[in-house]
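Please describe this model from its atoms. Begin with the surface, then go through the rings and the charged pairs.

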Amino acid sequence: MFFPLNRIMSPAPKDVLGYKPPDGGWGWMVVFGAHISIGFAYSTPKALSIFFKEIQMDLGASYSEIAWISSIMLAVMYAGGPVSSVLVTRFGSRPIVMTGGLMCGVSMATASFGSSIIYLYFCIGIIGGCGLSLNLNASLTIISKYFLVKRPLANGLAMAGSPVFLCFLAPVNQYLLARFGWRGSLLILGGMMLNCCVAGALMRPVTPPDKWTAFAPQTKVEQPNEHNTKIKRNFGRNAKKFLDLSFFKDRGFVIYLIGNVMFIFGAYAPIVFLSAYAINQGVEKYSAAYLLSIMGFVDMFIRPATGLIANSKWIRPRIQYFFSFAMVFNGTCHLLCPLIKSYAFLVVYAAFFGIGFGMVFALIFECLMDLMGSQRFPSAVGLVTIVECFPMLLGPPAAGLLVDVFGDYKYLFFMCGSVIVTGGLFLFVMNIYNYHMLDKEKAAKNNEQGQKDTENQDQAKTSEVEMEQTERNGAQQDVENAETVEI
């Protein structure tokens, strides 16, 4: 699971919102709705891989062609983050989530009538990806309106929808595939995704009761037209915020971005092809589908555990190195996967895959915030998300192409594992270099400041000496003038 643009929302203090967030009440129903919409958003591109083998045989597509379905869906979901954020600001979360749910349902239902792989690219990849993007960002935004003190808990419960729904959808999709075929399964899945509209209906706008007015600052309440005018005026400013290219001048940001791009390139292909690889190894179809459920189940517990470890006093100052370790661990799992020949070891691989995957995505945005600071984080994460669309779009098809060329899945895992391990080692080495340079620059700055202070002190002493000399000369002149008067 990957967290797109608004994965970590900035706090909404009461002086900005005009009220104190309730931190409970109907907010927990909003969290329940966000759990549903976020669960579908993150799990659907992965769970669709259950259908890929049947779609490939029915439409005569290659491995690389079939992998484009999930790649396009993920890339559109991430790339639509800034647009979704602007729409949520303009119209609110409830209509945006309901629209996104409707688009997801329509995309799956229309895809069930597809007769070509290009048609599936458009229906599932583009329309479905846009719907998931609307669901994801709007759900995260509404939580920031309802919660302040309890926001970490609320966000954690909402984001838990990803592994929970992956555990649920993988075996359900396999059952539907065996019972109704891939076309009927997509039609039913589209009906299931319409529940996002129900989830969106729970996300009613915050209306502060009278008992909150004591917390509200004495500010003028904006009228709707006045509010809309301000939104239009700030549209260009928000666009610049999401595309602030000045971050490329920051050495730490560039290092993080390169390592992150390498990870994203190899992160999703093993998920897309895991079920097909297991079936190719002679594993029964239902058992192969359960591998994704195992991975999601482990991921569910690893994320909060990693967060607790990363927040400890020993790891917190070294969180960038912890992130590098998580990437190397994840890539090593993929490198060892082709050596596995039995289902029992595939289960072990899925569990370790969930551990590595969960560790990386529990740290990925925290490391960016550690580098950029909370003030610059929203702009930095927007730029990172847009850049990540490209490796996310190209990774699974490139892996599928290796399967087409060599007729063996092991090269897929070798490629993904080696790219991820290289990215982790790159981050480890370059972070050492970056911190060394930061210390060196800080020392040079302190020396320069010390020299300036010394020069200022010297100038001050010189001024004092000159003033004393002037006073002496003045006193001597007064004495001479007095003697002259006496004479």
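Accessible areas come from the Shrake-Rupley method with a 1.4 Å probe, and for residues only the protein chains shown count as cover.

This is a predicted model: local features need pLDDT of at least 70, side-chain atom pairs count only at pLDDT 80 or more, and totals for chains, interfaces and linings use all residues. Residues are numbered from 1 along each chain as its sequence is written, and side-chain values use heavy atoms, with hydrogens and water left out.

## Overall build

The chain has 18 helices and zero strands. Both are DSSP runs numbered from the N terminus: helices are H or I with at least four residues, strands are E with at least two. The chain has 487 residues, and 48% of them count as buried. Buried means under 20% relative accessible area, exposed means over 50%, and partly exposed lies in between (1.4 Å probe, protein chains only). Take the contacts between residues at least 6 apart in sequence: 87% join residues at least 24 apart. A contact means heavy atoms within 4.5 Å.

## A nonpolar patch

Leu-401, Val-405, Phe-406, Tyr-411 and Phe-414 make a nonpolar surface patch of about 470 Å². Helix 17 (343-406) and helix 18 (410-486) are the elements that give two or more residues to this patch. Helix 17 provides the largest share, three residues. Patch residues have over 30% relative accessible area and no salt bridge; nonpolar side chains (Val, Leu, Ile, Met, Phe, Trp, Tyr) are joined within 5 Å, like charges within 9 Å. Val-405 belongs to helix 17. Its relative accessible area is 56%, so Val-405 is exposed.

## Aromatic rings

The structure holds 21 aromatic pairs. One of them joins Phe-322 and Phe-325: the centres are 6.5 Å apart and the planes meet at 10°, so this pair is stacked. Rings of Phe, Tyr and Trp (its six-membered ring) pair if their centres lie within 6.5 Å; planes under 30 degrees apart count as stacked, over 60 as edge-to-face and the rest as tilted. Phe-322 and Phe-325 are three residues apart in helix 16 (residues 319-336), which means about one helical turn separates them. Phe-322 is buried at 13% relative accessibility, whereas Phe-325 is partly exposed at 47%.

Ring pairs also link residues into a cluster, whose members include Tyr-63, Phe-263, Tyr-349 and Phe-413.

Two arginines lie over rings. The charged end of Arg-204 sits over the ring of Trp-26, 4.2 Å from its centre. Arg-90 lies over the face of Phe-91, 4.9 Å from the ring centre. The criterion is NZ of Lys or CZ of Arg within 6 Å of the ring centre and within 35 degrees of the ring normal.

## Salt bridges

Side chains of opposite charge can pair when their charged atoms come close. How many salt bridges does a search of the whole structure find? The search finds three. A salt bridge is a side-chain nitrogen of Lys or Arg within 4 Å of a carboxyl oxygen of Asp or Glu.

| Nitrogen side | Oxygen side | N to O distance |
|---|---|---|
| Lys-285 | Glu-54 | 3.4 Å |
| Arg-183 | Asp-58 | 3.5 Å |
| Arg-303 | Asp-299 | 2.7 Å |

Lys-285 and Glu-54 meet in a salt bridge. This pair links distant parts of the chain: Lys-285 is in helix 15 (residues 285-310), Glu-54 is in helix 3 (residues 49-59), and they are 231 residues apart. Lys-285 is partly exposed at 40% relative accessible area, and Glu-54 is partly exposed at 27%.

Arg-183 pairs with Asp-58. Arg-183 lies in helix 9 (residues 161-193) and Asp-58 in helix 3, so this pair ties together parts that are 125 residues apart in sequence. Arg-183 is partly exposed at 29%, and Asp-58 is partly exposed at 44%.

Asp-299 and Arg-303 both sit in helix 15, four residues apart, about one turn of the helix. Are these two buried or exposed? Asp-299 is buried at 3% relative accessibility, and Arg-303 is buried at 11%.

## A loop serine

Ser-112 lies in the loop between helix 6 (93-111) and helix 7 (117-146). Ser-112 is buried, at 6% relative accessibility. Leaving out residues up to four places away in sequence, Ser-112 touches Arg-183, Leu-186 and Leu-187.
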